[in-house]
Amino acid sequence: MRTRYGKPGASPGLQAALEEKPSPAFKVQVICYDKDQLTETEMPLQELPAPDPADKRVTWIRFPAMPDSASLAHFGERWGLHALDMEDVINVGQRPKTEIREGGAFTILQVPALDEDQSIRLRQVCLFLGPNFVISIREDGPPMFDRILERLCRGGGSGRIRTSGADYLFYSLLDATVDHNFPVVEALSDFIEDLEGELLEQTDTVTLDALHRLRRDLTLLRRSQWPARDALDPLLNEAHSPLSKKVRGYMRDCLDHQMHVNESIEVLKENAIGLQELYLSVQGHRLNDVMKVLTIIATIFIPLSFFTGLYGMNFNTEISAWNMPELNTRYGYPALLLLLLGIACGMVVFFKRKRWF
Amino acid sequence: MRTRYGKPGASPGLQAALEEKPSPAFKVQVICYDKDQLTETEMPLQELPAPDPADKRVTWIRFPAMPDSASLAHFGERWGLHALDMEDVINVGQRPKTEIREGGAFTILQVPALDEDQSIRLRQVCLFLGPNFVISIREDGPPMFDRILERLCRGGGSGRIRTSGADYLFYSLLDATVDHNFPVVEALSDFIEDLEGELLEQTDTVTLDALHRLRRDLTLLRRSQWPARDALDPLLNEAHSPLSKKVRGYMRDCLDHQMHVNESIEVLKENAIGLQELYLSVQGHRLNDVMKVLTIIATIFIPLSFFTGLYGMNFNTEISAWNMPELNTRYGYPALLLLLLGIACGMVVFFKRKRWF
Amino acid sequence: MRTRYGKPGASPGLQAALEEKPSPAFKVQVICYDKDQLTETEMPLQELPAPDPADKRVTWIRFPAMPDSASLAHFGERWGLHALDMEDVINVGQRPKTEIREGGAFTILQVPALDEDQSIRLRQVCLFLGPNFVISIREDGPPMFDRILERLCRGGGSGRIRTSGADYLFYSLLDATVDHNFPVVEALSDFIEDLEGELLEQTDTVTLDALHRLRRDLTLLRRSQWPARDALDPLLNEAHSPLSKKVRGYMRDCLDHQMHVNESIEVLKENAIGLQELYLSVQGHRLNDVMKVLTIIATIFIPLSFFTGLYGMNFNTEISAWNMPELNTRYGYPALLLLLLGIACGMVVFFKRKRWF
Amino acid sequence: MRTRYGKPGASPGLQAALEEKPSPAFKVQVICYDKDQLTETEMPLQELPAPDPADKRVTWIRFPAMPDSASLAHFGERWGLHALDMEDVINVGQRPKTEIREGGAFTILQVPALDEDQSIRLRQVCLFLGPNFVISIREDGPPMFDRILERLCRGGGSGRIRTSGADYLFYSLLDATVDHNFPVVEALSDFIEDLEGELLEQTDTVTLDALHRLRRDLTLLRRSQWPARDALDPLLNEAHSPLSKKVRGYMRDCLDHQMHVNESIEVLKENAIGLQELYLSVQGHRLNDVMKVLTIIATIFIPLSFFTGLYGMNFNTEISAWNMPELNTRYGYPALLLLLLGIACGMVVFFKRKRWF
Amino acid sequence: MRTRYGKPGASPGLQAALEEKPSPAFKVQVICYDKDQLTETEMPLQELPAPDPADKRVTWIRFPAMPDSASLAHFGERWGLHALDMEDVINVGQRPKTEIREGGAFTILQVPALDEDQSIRLRQVCLFLGPNFVISIREDGPPMFDRILERLCRGGGSGRIRTSGADYLFYSLLDATVDHNFPVVEALSDFIEDLEGELLEQTDTVTLDALHRLRRDLTLLRRSQWPARDALDPLLNEAHSPLSKKVRGYMRDCLDHQMHVNESIEVLKENAIGLQELYLSVQGHRLNDVMKVLTIIATIFIPLSFFTGLYGMNFNTEISAWNMPELNTRYGYPALLLLLLGIACGMVVFFKRKRWF
């Protein structure tokens, strides 16, 4: 979640961008509907007329990608969106938040997705709610709200989403955004369980690198989702919330999902920490094993080697009977072999008793 | 506590399921009672009539298992239950919560139980309270509320549970649900004490695997029980709580039990962490022991072996009197043996002083 | 603090016990006093009459031990005590709490004491306050409130405790209960300091077992005393508190003592954790020491032994002058000895420089 | 963030300094502007006249460096600034805070910057807001607010900063101060990623020293920025805040930036801790590797050496056929070589199975 | 901070002490002042008259040391001080707190000081504020408030401290007490930096003992200063605070200093923990170094010794050409020496590649 930010001391908002010319090629999807009809058109952002407060229909402006800052600045001014919100849309990587604006709201959330190498990628989703319109802008990547568009089209206008106002559409988009966390949480949970199984089977396939990256990813995920709870809360509980009472009932469910996500992330975090400690324990266990084998081999053979060294000495046995008389006895060698065998067996019994095997 | 969840962007509630046909075979237990009489019947969920607000008796609908979503959706619509609550019932693994609905309440809790291999299994319990009815739906497993049914039948209607309203029955079910935690907490507490004893006796029977699973289980248990406190609180303290003042007095006791459970889980968690540290300490202790034995044996014999090697050299003693004259002395060998013995004893004394034995 | 608890789904309170016959042998101490006189009698619990609201004197019912549940149930009903409170009295190991009842209060606290083997034993103390009576019931063990009885008897009725009402007696009992923590905290603090001293002197007398038990005890103590703060608070701050304004002034001092106890326990906890880390550091230090000795001995003698081995080889010196000519030189042996001495001294200097001694 | 502080018991404020003579050489930059014109002059602090409440223009006094305490004391008295605030300006290293004064405000913040050796240096920034003036005083170092001066000068007075009052300038300075955190956070984030990469490639270039200094720096940064949130909050939320409603809208954005900074620092902190654990794991890994090599070499050769020692013994083979008859067999030597090879291969297979390579 | 405490069940306050005779020798310093004059006398505590509410002057009773309990009890009763406060004065080691009494206040703080051996010693300071008097009692040690007395005497009554009331004197004493923390915090900060530098230079002068004592001291310091924030808060924010509005402005500065102290202690704590981890890392690093040297030496010489052992065997070369023919070759010995050199060099290259040097 590397944030883009303006230079310290720069003017707030996108005033500088207003002086540039917007790109004429940037197109958005415009969906207008009420109970009876639904139209879906694609038109250049530049040609989009200002919203008509008298229009009873709900208009959903869906950005397929992030526009250039000039296009966004001009659009924002035409539609009366707050300059600071425009700045937040462009500077991706913002922390989740909701600003209650007059007759509407502006919400930023961060949606996680798993890359092919199982690492997390956050993408910023911005949603504007106006009296009769909703605007959705997301950073990049695959489309997110297709299923909602499908629900709008389906059933000939009898569904709840068609008969409710812009705030219900806004809630639906928020709910879909929040629910995008669940597959990620589940995939991470599976990943942790896999690592756990591999670690306990001691197959040596779990690398320090994977564990470290997992933990860093979870830190990132956690920091991107914790503020989301506070971002959704004012829509539900603040007096000036633009949501109708009925939609607030649904919104509570959405907030509940977010809290569920947050707690699941906490569980993942604790499990990842447990995994790391398990890794260290397994490593320590193995060091113990290695040390034990070294100790057993060395401890058995070192005394034996002492005796072989002893009888390899060259004291002159001919000078006196005191000098290594064992060498000249009849059964000296087999006796020594028996002694060595006895020492080795004694050691083995000692280690068995100490339960080192 | 793997949660089932709808697809991101899907319609909230069970609208899709409403179009399917409910299974006619699913039966529920219907218990109707007032002070004077009690009837207990089993009937297909499909045939259950809508609740009669004028009925003075209390009706308890007891689901013996989780119904199919179509059955549940139709039942919920007929009984006026909230669509989002129906979705939570089906998608098991929800976090504990209470929704205060008009004239009633909906509470989800998670009940832990120990499997045969001492690992924790969570099951979701959903309770609805209406003006004159209570509905209990649980995930699966052995029946939980038999003792309450028994209390209802016993004593010819004079017990408090028969003379009080639906809210007292609702409280009783909640209290029984919360109390199911105690045996689990106690069993885990015994398990931890057993592991502790084994560890301190160093019998090597405690495995890393067991400790890791214990900790993961406690994380799970804790995350499933902490929110339960917040789930029970609104029933007691919110202005719109459907519980009568008398039942709230009992409810405070139930909340107290939940807090006791939560604190006991915290103690278990701390003890489990302590156990893990103890395990590591014991492991470290053993590595120390192994190292000490290796060091003592090696350190005693390495110098001794040096001397045996020294007198195993083949310098030509005949060429000069400077070359290994010891080999040709009369008492060379016994003198060396005494020297070696002296070195070994010196070492042993040194180690004794260092308190390494 | 193993808690006794009712079976999940069982009826709250002690209704079942009401059907049993109370034991006639259980006696309690009854102390009645006002400014002018004080009577102290012992009578069977069964024969104790119900409290007389018109009695101006203060009555203190002091239970010398835990009664059987039937006796307690009958007594509770006769005296109008709440059924749930009776259940908490019997099921020892409850978490500390206060219930404000009409015209009175019910407080549970846990009092720690040190066993002979320095481990902590918690005992439950239950106190009831009525309009003109106080009831004290404790789990078992030596009497706790003798000094208060003495203060009641002393001074011919002029002391503050005789001239004040039942709430002052109630406060005095609470204060004495809380103050029982101080000697335990002090003993533990001394114990930790002793362990610390022993550890730093490395006398090997501190066992893993002692450290682990200390930590577990502190977890227990902490969990039993933290809720006590919340248990005492409503007596001071709740609007319906039965304490008079004057007694609340004293009560604040009592709450202050409890907070002091709690903070002292936190300090003990942190010190115990520090002690455990110290133990691990000392262990690691010793392993380092052991390794150093091994390394020094082995590293000095291994190269020396290589040279003795070298000149122990049997290459035929007679076949060519290339084969081990050193063996046949005049000063070969003393030269080698000097070389070996040189190597050993070099090593020692190297280790001295590395500061390994 | 070493704080300068007055001696315990000394008089609060700068009364003592009032008796000294201010340095006449200390100059400040004075910027006066309204919609229509802007003047920028440099004059000695001593000659600066008291503020004129009737002046409709906004005056910005910009201190290029920290003045001597006498100059500051006299200036503060002339301009009616609070004595305690003057003391805080001089005693650098104060914790961030805001004091709402009558008709104005006084804010202290700490701005981090990276030294050449990547270590953090904090500098104190003090901002005063009056009815029609703003004063900015910073500890030392390069100028911070040049871009804001540029914005004031640019565009002939049509920019928002020229048409708004002193509170907007005050907000702009605060915002620029807060935004100075972003480059530091980003540089530290890059630094941590670099260290991480180096650690995982095991290039041995990461030193304990660098890790320790990183962590200490982050502790310092965190402690200097956490209170900043509470320092900015009263400007936004307190009833007596001197900011107009419009500027408070911008201020919320500034507070948002601060919270973003704080959360980023938390992520950095967690990553730094993860890095330290990674370092320890990598170290442990390497110790394991070293031990394995030692064990493998020693364990293979120790038994082999035993056999060579065995057949180096000097038992007299001529005395009896029991004494080392192997030495006199025809294929004794090649048979032994085969045996040794067999033992070595067996060891290697054993270690391969244990996956120690 | 070992606390003195009354016996559990003992009467609150100092009633028992009232019956003893106060020591006539205990003298206090009495300072009376208003704008115009200041008198400073020393008189026996016993002879001190009760305060005169009509006296317009401010009286400061300064205790040079802790009186005996009888003197204090009599004095407290004569001056109308609360019995529980008297008890807290005598039982030193109390946690910091403020009691707002009618028309006054009672504050306890703990002042740290460094002993000669750099360990922390806490001393209790008690301050009473009455309508026109202030009483300061401290545990023992060097005088603390000399600088304030000096400020009172100086300047002929024109200073703020002489023209303000008793509450300003009370604030000044509190502020001086809080400011006594700064030198201690600074000294500890220097001490930690010194230890850090020594550790990183690996001079072996940092002992486990010093680190452990540092940490314990910081725990103590932290526990003694955290409650001070809550102790000062009611003087500022409570409705019944006896401080005038002007003095509260100064009091906020004092509270700010306390919070600065608390945060500095947190930083110290974190740095001390980091230091301990650094110590362990350095220790681990050294163990690694030791192990590496052992491994390198052993791993190089063990194979070499094998070969010398091999050619030290006594197989009879005369019996067959299969038995150790190498011994009888012309260049056997130099060839072996070359082989051994090759093996040693190969090992060194291997270790260089593994970067073990």
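## Where the chains meet

Contact here means heavy atoms within 4.5 Å. By that rule, 67 residues of chain D are in contact with 65 residues of chain A. Please keep in mind as you read that this is a predicted model.

## Chain D against chain A

Let's start with this pair. Chain D and chain A together bury about 5900 Å², and carbon and sulfur atoms account for 57% of that area. Eight salt bridges are counted between chain D and chain A. One to look up in your viewer joins D:E270 and A:K269, where the closest N and O atoms are 2.7 Å apart. Polar contacts between chain D and chain A come to 23 residue pairs, with both residues at pLDDT 80 or more.

Which elements of chain D give two or more residues to the side that touches chain A? They are helix 4 (146-153), helix 6 (166-179), helix 7 (181-200), helix 9 (245-310) and helix 10 (332-353) of chain D. Helix 9 of chain D supplies the largest share of that side, at 32 residues. Sorted by class, the side of chain D that touches chain A holds 31 nonpolar, 17 polar and 19 charged residues.

## Chain B against chain A

Chain A also meets chain B, in a contact that takes 65 residues from chain B and 67 residues from chain A. The area buried between chain B and chain A is about 5900 Å², with 58% of it from carbon and sulfur atoms. The salt bridges between chain B and chain A number eight. In one of these salt bridges, the side chains of A:R252 and B:E99 come together at 2.9 Å, N to O. The interface of chain B and chain A also has 23 residue pairs in polar contact, both residues being at pLDDT 80 or more.

On chain B, the elements that give two or more residues to the side touching chain A are helix 3 (83-90), strand 4 (97-101), helix 8 (208-237), helix 9 (245-310) and helix 10 (332-353). Helix 9 of chain B gives the most to that side, with 19 residues. The side of chain B that touches chain A is made up of 28 nonpolar, 19 polar and 18 charged residues.

## Chains that stay apart

Some pairs of chains have no contact. Chain A and chain C do not touch, and their nearest C-alpha atoms are 9 Å apart. Chain B and chain E are not joined by any contact either, and their closest C-alpha atoms lie 9 Å apart.

## Aromatic pairs

Over all chains, the whole structure contains 79 aromatic pairs. Take B:W79 and B:F133: their ring centres are 4.8 Å apart and their planes stand at 90°, so this pair is edge-to-face. B:W79 sits in the loop between helix 2 (69-78) and helix 3 of chain B, while B:F133 belongs to strand 7 (residues 133-138) of chain B, so the pair ties together parts 54 residues apart in sequence. Both B:W79 and B:F133 are buried.

In chain A, one aromatic cluster is formed by A:F26, A:F63, A:F75, A:W79 and A:F133.

## A buried threonine in chain D

Is D:T107 buried or exposed? D:T107 is buried, with a relative accessible area of 1%. D:T107 lies in strand 5 (residues 104-114) of chain D. The side chain of D:T107 makes a polar contact, at 3.0 Å, with the side chain of D:T98. Neighbours within four places in sequence aside, D:T107 is in contact with D:K97, D:T98, D:V125, D:C126, D:L127, D:F170, D:L174 and D:L235.

Technical notes
Residues numbered from 1 in each chain as written. Chains lettered and ligands numbered in written order. Predicted model: local features only at pLDDT ≥ 70, side-chain atom pairs only at ≥ 80, totals over all residues. Heavy atoms only, no water. Buried area = accessible area lost by both parts, 1.4 Å probe. Salt bridge = Lys/Arg side-chain N within 4 Å of Asp/Glu carboxyl O. Polar contact = N/O pair within 3.5 Å; in protein donor to acceptor, adjacent residues only side chain to side chain. Helix = DSSP H or I, 4+ residues; strand = E, 2+ residues; numbered from the N terminus. Nonpolar A, V, L, I, M, F, W, Y, C, P; charged D, E, K, R; others polar. Phe/Tyr/Trp six-rings, centres within 6.5 Å; stacked < 30°, edge-to-face > 60°. Buried < 20%, exposed > 50% of the residue type's maximum accessible area, 1.4 Å probe, protein only.
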